[in-house]
Amino acid sequence: MIIDSLILFLLAILPILVIFVGLVFLKQSGTLMGVLGWLLTVIIAVLFFQTSLGIALSASWAGVLSSFGISLMVLFTILQVTMMDLTGAITRITAYIKSIAAERYEQIMILNVGFGSFLVSIGATPVTMLPPIMLALGFSPVAAVALPCLGYDPLTSFSLLAVPITIPAAAFGFDAQVLGCRIALFLPVISTGLALGMLWVADGFEGVRRGFFMALVAGLTLGFSAIFFVNILPASAIGLVGVFSGLVTIAVLFLMRALRGRPADAVPTPVPIPTVTGTMPLWKAAFPWILLVTFAVLISIPVIQSGLYNFLGPVQKVPVVADKIVDLKLLNQAYFWVVVSTIISAPLLIRSRKEARDILSLWVKRAWSPTLAAMVFFAIAYVMDWSGRSVIGGTLAFAPGADAFNMNAVIGLFLALAFGITFPLISPTLGLFGSFISGSEASSNVMFYGILKKSSDVLSLDFLSVYAAHAVAGGVASGVAVAKIINAAAVIDKLGIEGEVIRKVAPVALILTLLIGVMLCIMLFI
């Protein structure tokens, strides 16, 4: 029995090991390894986990559809950033940032901790928007990719207006605000660790030494702001926790500069950016992002949110198999408003038809690979989640005893049995694992709910604390999530460095995940 469980466990994690080895040691592209990993996952699910080929392919299709919130966001934000890049808007924004934050550690904290957390919370993607700026500021390609990916981390649980919390809460019937409060307890420590990790990734221990105090302030401000807002805001406004926390952190960082005699309005002569009319104004350069932020805030208002959803209604519900339906919620998705903000901004920034053609050509070159990768990694996650299921009476469910052949359940239960009472120490690695697979904490939270609930019940542990630690570790995984790294690398034309980025960031992610496990043990047993 033990040998059988071990064999199934090894088979279940084999696709992920293959992807990891291909990326980190064989230096293959993330898209190639994602496709190979998907093929291997389907084969293993069919041959060893009692899954029909039809269910495996349906799961893949459900994963592709469910990925749209990320994959189409990747596709269209790359279009927007490419337009801003070729028209000089990114150069203008970079010049301004240099003028208000001369030190590298200031640039890292303001852009990736403060602004990055804010962008994540409203549904924008720092892994697409920030890498060109980081590269222009003089950071290496690896750092330009790694830093925005790490900047995705601190408030990932409150990203996309708290979707990683509200989706599983609605699906499984628990209080989203209670889970949000548990998650926030981890954030002062974890967000500070991430801020210090960014300094190390960029400039080693010398960078940590120089920026230590600012990283400490940024991390603690972000973490304690999240605790404050999740406790005072009504449950219906949990989606604004990350937005407010990010804004408070940005304000505190600029206040620190002012106290040190470097006010934000002390701007030296701007760097001239050639345009048809001369120097490009900052408002014009940032206009696509100003529009996007405005739209993101508006669609977070419940009455507008419901109105947009009802406008299309059932048309946006796509049947997959049996009772499984993917609701695309098209007008409520950030990627739709990225397209709108790009279209509105285009006449303001694009100066000729040739420039428009160059933008479209470069966009296609940059965007296809990370978009495909995001879809493929979601497909892998769904095949694993649906493995062992079959259609029974018009419903996708487990036949009697078949739940023992679910790939996620095999992994989770093997770890619970192998580690016993020490399971809380290693349980956050499931969050790291889940988000590494899919590139999404929301998917990881949904996939592993049943595993963690069963494991917690068997070991008589407080489930929501275990689940909160899992979610926080899933956020940390954004720094090593292949889909996000490919996205960030694509916008600066550096595809192929994914393995190098993972090698650089992995120690930070692993140390913080272990720290989350230690904090969970303290919460549970002391």
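The structure is a predicted model, in which local features need pLDDT of at least 70 and side-chain atom pairs count only at pLDDT 80 or more, while totals for chains, interfaces and linings use all residues. Residues are numbered from 1 along each chain as its sequence is written, and side-chain values use heavy atoms, with hydrogens and water left out.

**Overall fold**

- The protein chain holds 25 helices and 4 strands, where helices (H or I, at least four residues) and strands (E, at least two) are DSSP runs numbered from the N terminus.
- The radius of gyration is 22 Å, close to the 24 Å from the globule rule for 526 residues, so the protein chain is as compact as a globular protein of that length; the radius is taken over C-alpha atoms, and the rule is 2.2 Å times the number of residues to the power 0.38.
- Along its principal axes, the C-alpha trace spans about 70 × 55 × 50 Å.
- Of the contacts with a separation of 6 or more, 77% are between residues 24 or more positions apart, a contact meaning heavy atoms within 4.5 Å.

**Surface and charge**

- Of the 526 residues, 58% count as buried, which is to say under 20% relative accessible area, with exposed meaning over 50% and partly exposed in between (1.4 Å probe, protein chains only).
- The accessible surface comes to about 20100 Å², and carbon and sulfur atoms hold 72% of that area, as computed by the Shrake-Rupley method with a 1.4 Å probe.
- There are 27 positive and 21 negative side chains, and the centres of the two sets lie 8 Å apart; Lys and Arg count as positive and Asp and Glu as negative, without His and the chain ends, and each charge is placed at NZ of Lys, CZ of Arg, CG of Asp or CD of Glu.

**Gly180**

- Gly180 lies in helix H11 (residues 176-232) and is buried, its relative accessible area being 0%.
- Leaving aside residues up to four places away in sequence, Gly180 touches Phe158, Ile165, Val230 and Ile238.
- Gly180 and Ala471 are 291 residues apart along the chain, and their C-alpha atoms are separated by 9.8 Å.

- Most residues other than glycine have a negative phi.
- Ala322, although not a glycine, has a positive phi of about 50°; it is found in the loop between strand S1 (317-321) and strand S2 (324-327) and is partly exposed at 40% relative accessibility.
- Asp493, also not a glycine, has a positive phi of about 55°; it is found in the loop between helix H24 (482-491) and helix H25 (498-525) and counts as partly exposed at 42% relative accessibility.
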